[in-house]
Amino acid sequence: MNKTLTRADLAEAIYSKVGISKVESSDIVDQIFEEMILELIDGKSVKLSSFGSFMVRDKKQRIGRNPKTKEEALIDARRFVVFRTSKELKNKVINE
């Protein structure tokens with residue numbers, strides 16, 4: 001069964017490899033994610049070398065259709081985050 005990697009797992013890895021306290025390692029993980037979130041909110045990209053990039057994209061307002069009733073409806077404009085893997089990460093995942 002596949003286990004999901006969590007913030008707590010990341011903090012535990014920092015704690016065990018670096019040797020700082022669990023509270024400090026948890027704070028580091030939280031701060032990293034907070035910085036990433038703030039950059040994305042500002043519409044900037046976040047690039048993690050050898051891992052990938054997070055980018056904010058905009059979708060324009062458009063007309064969609066309810067598949068059940070076939071009725072047209074207006075879909076509001078929105079922002080969303082996309083992730084593009086680096087070539088290094090793709091190669092590692094494919095070849096493992």
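**An aromatic cluster and salt bridges in a predicted chain**

F51 is partly exposed, with 38% of relative accessible area. The model that holds this residue is predicted. F51 sits in the loop between β1 (46–48) and β2, while F83 belongs to strand β5 (residues 78–85). F83 is likewise partly exposed, at a relative accessible area of 36%. F83 also pairs with F54. F54 is part of strand β2 and F83 part of strand β5, so the pair links distant parts of the chain, 29 residues apart.

Across the whole structure, 2 aromatic pairs are found. The pair of F51 and F83 has ring centres separated by 5.5 Å. Its planes stand at 50°, so this pair counts as tilted. Because F51 lies in a loop and F83 in a strand, the pair ties together parts that are 32 residues apart in sequence. Together, F51, F54 and F83 make up one aromatic cluster.

The overall fold can be set out next. The chain contains 3 helices and 5 strands. Read from the N terminus, the elements follow the order α-α-β-β-β-β-β-α. The radius of gyration of the chain is 19 Å, whereas a compact globule of 96 residues would have a value near 12 Å. The C-alpha trace spans about 60 × 35 × 25 Å along its principal axes. Of the 96 residues, 14% count as buried. The accessible surface of the chain amounts to about 8,300 Å². Carbon and sulfur atoms account for 55% of that surface. Among contacts between residues at least 6 apart in sequence, 32% join residues at least 24 apart.

Charged pairs form a further group of features. Side chains of opposite charge can pair when their charged atoms come close. The structure holds 6 salt bridges. One of them joins D30 and R7, with an N to O distance of 2.9 Å. D30 is partly exposed at 32% relative accessibility. R7 is partly exposed too, with a relative accessible area of 41%.

A salt bridge also connects K44 and E39, whose closest N and O atoms are 3.8 Å apart. K44 counts as partly exposed, at 42% relative accessibility. E39 is partly exposed as well, at 28%. E72 and R65 form another salt bridge, and here the closest N and O atoms lie 3.3 Å apart. R65 counts as exposed, with 52% relative accessibility.

The surface also carries a nonpolar patch, formed by I37, L38 and I41. These residues have about 260 Å² of accessible area together. I37 is placed in helix α2 (residues 22–41). I37 is partly exposed, and its relative accessible area is 38%.

D58 lies in strand β2 (residues 52–59). D58 is exposed, with a relative accessible area of 60%. Leaving aside residues up to four places away in sequence, D58 touches R78, R79 and F80. The C-alpha atoms of D58 and G43 are separated by 9.7 Å, and these residues are 15 apart along the chain.

Key
Residues numbered from 1 in each chain as written. Predicted model: local features only at pLDDT ≥ 70, side-chain atom pairs only at ≥ 80, totals over all residues. Heavy atoms only, no water. Helix = DSSP H or I, 4+ residues; strand = E, 2+ residues; numbered from the N terminus. Buried < 20%, exposed > 50% of the residue type's maximum accessible area, 1.4 Å probe, protein only. Contact = heavy atoms within 4.5 Å. Patch = residues over 30% accessible without salt bridge, like charges linked within 9 Å, V, L, I, M, F, W, Y side chains within 5 Å. Areas by Shrake-Rupley, 256 points an atom, 1.4 Å probe, with all protein chains shown as cover. Salt bridge = Lys/Arg side-chain N within 4 Å of Asp/Glu carboxyl O. Rg over C-alpha atoms; globule rule 2.2 N^0.38 Å. Phe/Tyr/Trp six-rings, centres within 6.5 Å; stacked < 30°, edge-to-face > 60°.
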